[in-house]
Amino acid sequence: MLPTTVRSSQRLLVALIAVAIGAWLLTPTAALLFGAQAVRGATVVDTVKPRVLAALPAMPAAWPSSHFELGLADAPGGAAALHASAAFGFRYQYLAGGVNTGSGWSTWNTNGQFASYYVADSAANQVTPVFPYYMLLQSNPATGSSESAKDLSNLANHTTMAAYYNDLRLFFARAAGATPVVLHLEPDLWGYIEQASGTSDDATTIAASVASSGDPSLTGLPNTAAGFAQAVVKLRDQLAPNVILAYHLSVWGTNTDISYSNSSDAAVDALAARAASFYHSLGAQFDLTFTDIADRDASFKEIVYGDGGASRWDDADFVRYARFVAGYVAGAGQRVVVWQIPLGNTKMRAQDNTWGHYQDNRVQWFLDDPGGTHLAMWRDAGVIALMFGGGADGTTCACDGQHDGTTNPPAIDGNTRSSIDADDDGGYFHEQAAAYYAAGSLALDPGTGGGGGGGGGGGGGGSTVASWTLSASVSPTSLTRNHDVRITARAKASAATRGKVSVDVWDPAGHLAFRKTYAARTLGTGATISVTPVFHVSSTRRLGVYTVKIRILSATDGRVVASKTSTHTFRVH
């Protein structure tokens, strides 16, 4: 098993690269039963088969797709090319550099406009932006000899955290708007906090500067790691409700890393339960959870780090990790995005295990699977998206990161396919992603459970429980691009209650194209809310049939109380 510090130092290198890019950039841009336990190295792994499933928690209320999506690390200005290569749902870009160093993301363009440009570029090309916010470790003073010590010392430092909350405020100001934006908060930090809590898995036992930072909005919140989580949620709710807030699950936070261990099913279930317990100790409602399964190609770790092949996964490892995710999803009530998946493959001759061309098997396991059972298994465990990207310089890129053009060195280990293009992986990832979308992306189960994922039933935030009658109409029902559609949505409550009306428009590919959420209203018994949002069909919108969906959200916590997909649609031709 590799030490945690090896993995997290790789993340730091990615963040440092992001800082370097930003410095010169001036333009926008166990409810799941798997059968018998699998054994590593076995010739036949009999656990990749249909499972018995429990109800999944509801989808995050603001999640922009009803299908299993793919995403990719993507530099500023790259959204148009990304969209042209495949109908990707997401692209991501680190925000890094520290909150009080003079070189953080807010300095990459004037007054934090870097984030604004990235959001606008993404929205213009029908892809949702994701920002891994990796700021605490690189902030000053970062006292300590390890990354864990530096993170935790900064977390408890009043001056550092005052700057941190101001930096978050700027991000929320830049991300606020009508379109969804995902903020992936502090990868690794939560794992360090859980480790520091020992076997209690209790974030309330770890010090953090929250109310003590002097931020007037955070008065009364506890000065603990749990209070820190609550503070971030509170700032998001106040400043940018459109931002989808993601917690990060580090499997090694339990001090047992199933990425490198052949843990038994019972042990995996117990670790998943601990991870869920730690999440609940935060007392904060994130919208979903991100996790990672590796951050560099397996051959990179073997050749550069000398791990002896410990990072290589076979079927048993994929099944074991899916079991862990399923247990966490059931316990935490959170859907999961698997993020920063290595891009290497063992198919293309370009993958010759040299710098930037290292082999891995995760892309092909997920996407080059004719029966589609692998993606379906992870979807049924509660995963809603996969996001791919190299963990640091030297990892394989689905781009010409090495600037060496189309390469076809002698085949090794059976990687006999000639490169399709100049991408360092030989063009394999883009080929597989395009094929996935062309074949029709997997539909997601909307879920029926409640929990921390921004979904579930219930009344209007403590008011009288009401049933809702929802309807909508559209005008016109057929139009060309660069015209408006007027939507009339009505919501009638059966009892006195309070709630918010939200109107969604979903495009022909199942992506969220428009969302408008109205301020909370108090209704008497039998009263009706009527709203009339206008959706502009821009010149870049997809052709085909668009669908309207109405949702009623809790007035206090934003959970979905009722929803209906309208029979009224409109066609863009």
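Okay, ground rules. It's a predicted model, so local features need pLDDT of at least 70 and side-chain atom pairs count only at pLDDT 80 or more, while totals for chains, interfaces and linings use all residues. Numbering runs from 1 along each chain as its sequence is written, and side-chain values use heavy atoms, with hydrogens and water left out.

Let's start inside. In soluble globular proteins, nonpolar side chains tend to be buried together. Here, the largest nonpolar core has 118 residues, and Tyr-164, Phe-171, Phe-228 and Trp-378 have the most contacts inside it. Helix H10, residues 315-332, gives the most to this core, nine residues. Apart from that core lies another, of 30 residues, including Leu-470 and Phe-535. By core I mean a set of buried Ala, Val, Leu, Ile, Met, Phe, Trp, Tyr and Cys residues joined through side-chain atoms within 4.5 Å. Buried is under 20% relative accessible area, exposed is over 50%, and partly exposed is in between, with a 1.4 Å probe and protein chains only. Helices (H or I, at least four residues) and strands (E, at least two) are DSSP runs, numbered from the N terminus.

So what does Tyr-164 touch? Leaving out residues up to four places away in sequence, Tyr-164 touches Val-99, Tyr-133, Met-135, Leu-136, Leu-185, Glu-186 and Phe-228. Contact, by the way, means heavy atoms within 4.5 Å.

Now Trp-378, which sits in helix H12 and is one of its buried residues. H12, residues 373-380, is mostly covered, with seven of its eight residues buried. The cover includes H10, strand E7 (336-341), helix H11 (362-367), strand E8 (383-388) and helix H13 (428-438). Just after H12, Gly-382 takes a positive phi of about 115 degrees. H13's own buried residues, among them Tyr-428, His-430 and Tyr-437, pack against E1, helix H2 (79-85), H11, H12 and E8. Gly-440 follows H13, again with a positive phi, near 100 degrees.

Next, helix pairs. Which way do H6 and H7 run relative to each other, parallel or antiparallel? Their axes come within 11 Å and cross at roughly 155 degrees, so H6 and H7 are roughly antiparallel. Leu-189, Trp-190 and Ile-193 of H6 make the contact with Ala-225, Phe-228 and Ala-229 of H7. That contact has six nonpolar residues, no polar and no charged.

H4 (147-155) packs on H6 (189-196) at about 90 degrees, axes 10 Å apart, so these two are roughly perpendicular. This contact has six nonpolar, one polar and two charged residues. The axes are lines fitted to C-alpha atoms, for helices over the stretch in contact, and angles run from 0 to 180 degrees between N-to-C directions. Under 35 degrees is roughly parallel, over 145 roughly antiparallel, 65 to 115 roughly perpendicular, and the rest oblique. For the classes, Ala, Val, Leu, Ile, Met, Phe, Trp, Tyr, Cys and Pro are nonpolar, Asp, Glu, Lys and Arg charged, and the others, Gly among them, polar.

Last, the disulfide, meaning a pair of cysteine sulfur atoms within 2.5 Å. The link is right-handed, with 110 degrees about the S-S bond. Cys-397 is partly exposed at 25% relative accessible area, and Cys-399 is partly exposed at 28%.
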